[in-house]
Amino acid sequence: MALAHLKPETLDYLRSIDCVVCNYSFQYGVFVYVTGDYAFDMEDLIPSDLCEVFKWAREQDVIMIKFDEEGFVVDELPLYGDRL
């Protein structure tokens with residue numbers, strides 16, 4: 001999935017030790033485990049753009065997302081910045 005679906009501060013969050021979702025950072029992006037339904041009640045802990053991606057992913061039965069500089073764009077999700 002395109003990095004542009006995340007705000008820059010969300011990518012910083014995913015790469016930080018404060019992150020509450022399972023993830024693995026790499027040079028060009030990050031892998032994120034799509035958390036269970038409990039995450040949708042944690043919008044004060046998880047950035048809203050990430051919650052929106054999680055909701056979309058759960059509807060598609062996706063359990064892992066690779067956010068990448070060369071990732072695909074999902075028309076149903078908003079884009080932030082120019083990281084396509």
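The largest nonpolar core comprises 22 residues, and those with the most contacts inside it are M1, L14, V21, V32, L50, I65 and F67. Such a core is a set of buried Ala, Val, Leu, Ile, Met, Phe, Trp, Tyr and Cys residues joined through side-chain atoms within 4.5 Å. Two or more residues each come from α1 (8-14), β2 (29-33), α2 (48-59) and β3, with α2 giving the most, 6 residues. Helices (H or I, at least four residues) and strands (E, at least two) are DSSP runs, numbered from the N terminus. The model is predicted: local features need pLDDT of at least 70 and side-chain atom pairs count only at pLDDT 80 or more, while totals for chains, interfaces and linings use all residues. Residues are numbered from 1 along each chain as its sequence is written, and side-chain values use heavy atoms, with hydrogens and water left out.

Beyond its neighbours within four places in sequence, L14 is in contact (heavy atoms within 4.5 Å) with L6, C19, V21, N23, V30, V32 and L50.

G29 lies in strand β2. G29 counts as buried because its relative accessibility is 0%; buried means under 20% relative accessible area, exposed over 50%, and partly exposed in between (1.4 Å probe, protein chains only). Residues up to four places away in sequence aside, G29 touches L3, R15 and F67. The C-alpha atoms of G29 and L3 are 7.1 Å apart, although the two residues are 26 apart in sequence.

M64 is found in strand β3 (residues 64-68) and counts as partly exposed because its relative accessibility is 46%.
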